[in-house]
Amino acid sequence: MDSARIYENCQSRLLELAATLDREQLGTVVPACPDWTVQQVYAHLAGLAADVVNGDVTPPATDEVTDRQVAARAGHNIERVTAEWARTGPDLVELLRTQQRRRYSLPALDVWHHENDIRGALGLTAQAEDADQLAEFPLGGLAKGWPAEALSVRVVATDTGQEWNLGQDGRLTLRGTAFELARAVTGRRSVNQILAMDWTGGDPAPVAPFLPTLPAPEADLAV
């Protein structure tokens with residue numbers, strides 16, 4: 001995954017978006033992160049960048065750490081939050097460019113999904129750029145560590161032609177766009193939404209809970 005470029009592009013778009021948001025929009029609850037408002041998602045992104053650049057956090061960050069990041073910026077206005085993120089972002093991009101460990105791709109995955117979390121909360125359309133890479137990262141990991149007790153699944157990205165084999169014999173097949181697959185396997189689709197995707201070859205109910213690499217939301221998400 002081209003983590004540095006993905007992170008840089010997502011950050012640029014999010015900073016531009018933040019400058020257009022009013023108080024009501026900034027206070028909108030983000031369904032993908034139901035404990036946070038739009039502004040609090042920005043606070044997390046600024047905090048994560050600062051923590052990783054300063055060496056205080058090695059990705060991934062725990063829930064305790066992300067809650068601390070948000071709480072530490074609770075009294076900051078959006079201009080202060082985004083100014084901090086704008087300062088630390090280039091240093092994080094350089095770190096992502098030079099670090100080879102897989103865990104240093106996680107901030108790019110985080111910001112790409114949070115960009116779409118924010119867009120969904122505000123009723124904006126999805127941002128699907130680089131969805132092929134964001135699908136490959138978690139699905140490639142699932143292919144290497146698919147539980148032996150789970151039915152095997154052949155996953156096909158209908159728009160990019162990518163395929164992943166989760167298990168050995170592909171008894172089930174799951175088809176979807178790279179964007180939908182990326183969102184589904186990274187905790188942005190409910191189990192009911194995953195079950196409603198394009199499955200063939202049998203009942204997906206036994207395997208659906210194994211697909212999300214982060215906890216699936218209880219409520220359906222639109223973006």
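A residue counts as partly exposed when its relative accessible area lies between the buried limit of under 20% and the exposed limit of over 50%, and Glu129, at 36% relative accessibility, falls into that class. Keep in mind throughout that this is a predicted model.

Arg13 is itself partly exposed, with a relative accessible area of 25%.

Next, select Asp130 and Arg5, whose side chains meet in a salt bridge at 2.8 Å, N to O. Asp130 is buried at 13%, whereas Arg5 is partly exposed at 29%.

Move on to Arg188 and Asp117, where the closest N and O atoms of a salt bridge are 2.7 Å apart. Arg188 lies in the loop between helix 8 (178-184) and helix 9 (191-195) and Asp117 in helix 6, so the bridge ties together parts 71 residues apart in sequence. Arg188 is buried, with a relative accessible area of 7%, and Asp117 is buried, at 2%.

Now display helix 4 (residues 63-72), whose buried residues are Val65, Thr66, Gln69 and Val70. They lie on the same side of the helix because they cover an arc of only 135° around its axis; on the other side, Asp63, Glu64 and Ala71 are exposed. The buried residues of helix 4 pack against strand 2 (33-37) and helix 3 (38-53).

Methods. Residues numbered from 1 in each chain as written. Predicted model: local features only at pLDDT ≥ 70, side-chain atom pairs only at ≥ 80, totals over all residues. Heavy atoms only, no water. Buried < 20%, exposed > 50% of the residue type's maximum accessible area, 1.4 Å probe, protein only. Helix = DSSP H or I, 4+ residues; strand = E, 2+ residues; numbered from the N terminus. Arc of directions from axis to C-beta. Contact = heavy atoms within 4.5 Å. Salt bridge = Lys/Arg side-chain N within 4 Å of Asp/Glu carboxyl O.
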